[in-house]
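Here are some short notes to read alongside the structure. Please keep the sequence and the 3D view open while going through them.

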Amino acid sequence: MSYETSSQDLPPVTDWVNDWDWLDDQWGANAIEIWNSVREQTPVATTERYGRAHMPVTMAAVSEVAHDTEHFSSVFVSVARPDAPRTPAPPITSDPPDHKEHRRLLLPSFSPKAIAPMEQNLRDFCRALIADLDGLDRADAAEQYVQHIPVHGICELLGVPESDADMFRDWIFRNFQLAPRDNAVRIQVQQEMDAYLGQQLDVRVDSPQDDLMSLIANAEIDGEPVSRELKLGYAKLMIIAGIDTTWSAIGSGLWHFAQHPDEVAKLVAADNDHMIWTTATEEVLRYYAPVTMGRKVIADTEVAGCPVRHGEQTLVTFPAANHDPEAFENADQFQIERGRNRHVAFGLGIHRCLGSNLARLELVVATQEWLRAFPDYRLDPDRETTWANGQVRGPRSIPVLLNR
Ligand code: HEM
């Protein structure tokens, strides 16, 4: 199979152990069943669709890859055509030793102290979206509610205008759903992002504001200004990492709860700061973890006994690890009061998610506001939920009956 084939020409996957494809149409809605079935056969599946690439599905195998920066590089964090152009977006695309400095630069902007004060603003924003649904009997919970919330969060933090949200979502769609198989799309998206974010940075060099974009525009490491290419990389990463990730997690939760009125009743009966909201949020993150990363193999090694060779690629399938029965009791059950829940939705090792405080806040606030406003909502039996495939998996359309 040539990786030059366009996505339309690739046949549907029939063998997930030897020919997996994260852009196959079955991935979005069925990934959990796919990983569970692969895990019964092997800890690591392979494919030739992107050159030779691997897919670990156990917690042990995923953890091995995530912690081993000597054999697995983050220079490219997607599994894509092997000749895909690489552009830096540190810290996610950097390896030791320089990863540390990039991460240190951004870390204070994502600390609990920096994020917690955003709560009231996020809550007000969610309530305004809900007010816009006034008088409706049916809605699309993804399109009319969820997708707007993480964009609002990132715009507040970065200082970019929310009126450009459609453009950000379009970049994200093309970057994740089309670019892994099409280099021209990847280059075009990068150019559009560079042009837009370059302007945003330029304005802030001369007149810094109280936002993360200004910190990036004037960034220094060891007293030396950071290069323009890397500054653009930081800014692009904020857009690419901070929007559809959380949008997917919130959407998956609302899709799940629409089918579990007993769980909704328990949550709605509890105060917002009750422990059940924390355990339910963590269980949504475990069960519906949206983010699968990639690594480039830079030296021959083995993963769970399976050989991987220099130049090949591998997924870091964090969501599959979250369903490994070796790592979680009753892994296939969604338990809103799960006690011990050491999920890896936010990754493992040095690249563990920088935005996890923001993501958790958005997830809990958005879910609380929705369930309190529509405690009897249900999936609309006449319309289909649609799912995004690939690196960030989650529902993109959730038709619901509001039942008020
Ligand atoms: C539910 C939502 C989210 C999930 C599931 C998630 C997941 C992840 C995962 C799995 C990684 C590890 C990457 C790797 O190992 O290569 C990561 C890294 C990262 N995430 Fe998130 N993320 C979420 C939301 C966010 C948000 C809101 C931001 C804010 C901009 C963000 C920013 C980052 C950054 C900057 C990194 C790179 C950290 C490093 O390389 O040191 N993420 N995320």
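1. Which residue in β2 is the bridge partner of Ala45? The partner is Met55. Keep in mind that this is a predicted model.

2. The strands β1 and β2 run antiparallel to each other and are paired over four bridges. They form a hairpin with five residues between the strands, where Gly51 has a positive phi near 70 degrees.

3. Strands of a sheet pair through backbone hydrogen bonds, in either a parallel or an antiparallel way. Here, five strands make an open sheet with mixed pairing, in the order β1-β2-β10-β7-β3. At the edges lie β1 (44-47) and β3 (72-73), each pairing on one side only.

4. Ser73 has Lys296 of β7 as its bridge partner. Helix α2 (residues 59-67) packs on the sheet and touches β1, β2 (53-56), β3, β7 and β10 (313-316). The direction of α2 makes about 115 degrees with that of β10.

5. Now the ligand. There are 28 residues around it, and those that come nearest are Gly242, Gly347, His351, Cys353 and Gly355. Two or more residues of the shell come from each of α11 (228-242), α12 (244-258) and α16 (356-373). The largest share is that of α11, with four residues.

6. What classes of residue make up the shell around the ligand? It has 20 nonpolar, seven polar and one charged residues.

Methods:
Residues are numbered from 1 along each chain as its sequence is written. This is a predicted model: local features need pLDDT of at least 70, side-chain atom pairs count only at pLDDT 80 or more; totals for chains, interfaces and linings use all residues. A residue is near a molecule or strand if its C-beta atom, placed from the backbone, lies within 6 Å of it. Ala, Val, Leu, Ile, Met, Phe, Trp, Tyr, Cys and Pro count as nonpolar, Asp, Glu, Lys and Arg as charged, and the others, Gly among them, as polar. Two strands pair if DSSP finds at least two bridges between them. Two residues are in contact if their C-beta atoms, placed from the backbone, lie within 7 Å. Axes are lines fitted to C-alpha atoms, for helices over the stretch in contact, and angles run from 0 to 180 degrees between N-to-C directions.
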